[in-house]
Amino acid sequence: MKPVAICRYAPHEGPGYFATYLTAHRIPWRLVKIDEGDVLPELRDISGLGLMGGPMSVNDDLPWIAPMLELIRASVARDVPVIGHCLGGQLMSKALGGNVTRNAVKEIGWGRVDVSATPLASEWGQSEPFDGYHWHGETFSVPTGAERIWYSAHCENQAFALSNHFAMQCHMEMTEDLIVSWCETGAHEIDVNLARSPAVQTPQAMRENMDSRLGALHAVADRIYRRWTAGLAA
């Protein structure tokens, strides 16, 4: 099987549990370090495209964003499965004709995600509400032809699906190391927004019951990643 290309946009926002899942299921992958200037992959060389998070906006004037959007559009056109986490989901929305705008409030930390009661939502393996991990100030619209399957009290669109492609606003890839690292690198952002948003938690609150929370999150991730990898070309 050709590898899944995982695009990283910031050094501290690596693939985390997404890579763990792929490795455990013997699905080859390679990391494309956009933050270090790596060249985007050729579609003929990959079986799928994974997009991670990042602190920038898809609306920023950055040299790699336009080529990234074009790669996403080409992948969808050729049915090379794409999956996006947070910034990655926003990139997918914009590439497919959606908009990325400021969310009503910042979401940082654990928070309930609700699941639409539709056949497509069930197809992607999750039918019950769950605690997702969030870190974003912007949000995406659902592109024409796609279907919203997750939502939350503080963010109308938490995930959409289109054929074998899946975009998330929340983070399914979290590990203990990632949470600890983000709380350190994002300490100022947390402090500034604690009093401004009901959806921002302290680092201490994020670390409470971390093992059980991550276990539950990974169980949801397993179902999403299983459905997504089923679309990969052999």
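How are α1 and α8 oriented to each other?

## Helices α1 and α8

In this predicted model, helix α1 covers residues 17-24 and helix α8 covers residues 210-229. Their axes come within 11 Å and cross at roughly 60 degrees. Angles from 65 to 115 degrees count as roughly perpendicular and those under 35 as roughly parallel; α1 and α8 are therefore oblique to each other. The crossing of α1 past α8 is right-handed.

On the α1 side, the residues that meet α8 are Tyr17, Phe18, Tyr21 and Leu22. Their partners in α8 are His218, Ala221, Asp222, Tyr225, Arg226, Trp228 and Thr229. Sorted by class, this contact is made up of seven nonpolar, two polar and two charged residues.

## Thr229

Thr229 belongs to helix α8 and is among the residues there that meet α1. Is Thr229 buried or exposed? Its relative accessibility is 13%, and the cut-off for buried is under 20%, so Thr229 counts as buried.

Leaving aside residues up to four places away in sequence, Thr229 touches Tyr21, Leu22 and Ile27. Tyr21 and Leu22 are in α1.

## Helix α3

Helix α3 spans residues 87-95 and is mostly covered, with eight of its nine residues buried. The buried residues are Leu87, Gly88, Gly89, Gln90, Leu91, Met92, Ser93 and Ala95.

Just after α3 comes Gly97, which takes a positive phi of about 100 degrees.

Key. Residues numbered from 1 in each chain as written. Predicted model: local features only at pLDDT ≥ 70, side-chain atom pairs only at ≥ 80, totals over all residues. Heavy atoms only, no water. Axes fitted to C-alpha atoms, helices over the stretch in contact; angles between N-to-C directions. Helix = DSSP H or I, 4+ residues; strand = E, 2+ residues; numbered from the N terminus. Parallel < 35°, antiparallel > 145°, perpendicular 65-115°, else oblique. Left-handed = near helix turned anticlockwise from the far one by under 90°. Contact = heavy atoms within 4.5 Å. Nonpolar A, V, L, I, M, F, W, Y, C, P; charged D, E, K, R; others polar. Buried < 20%, exposed > 50% of the residue type's maximum accessible area, 1.4 Å probe, protein only.
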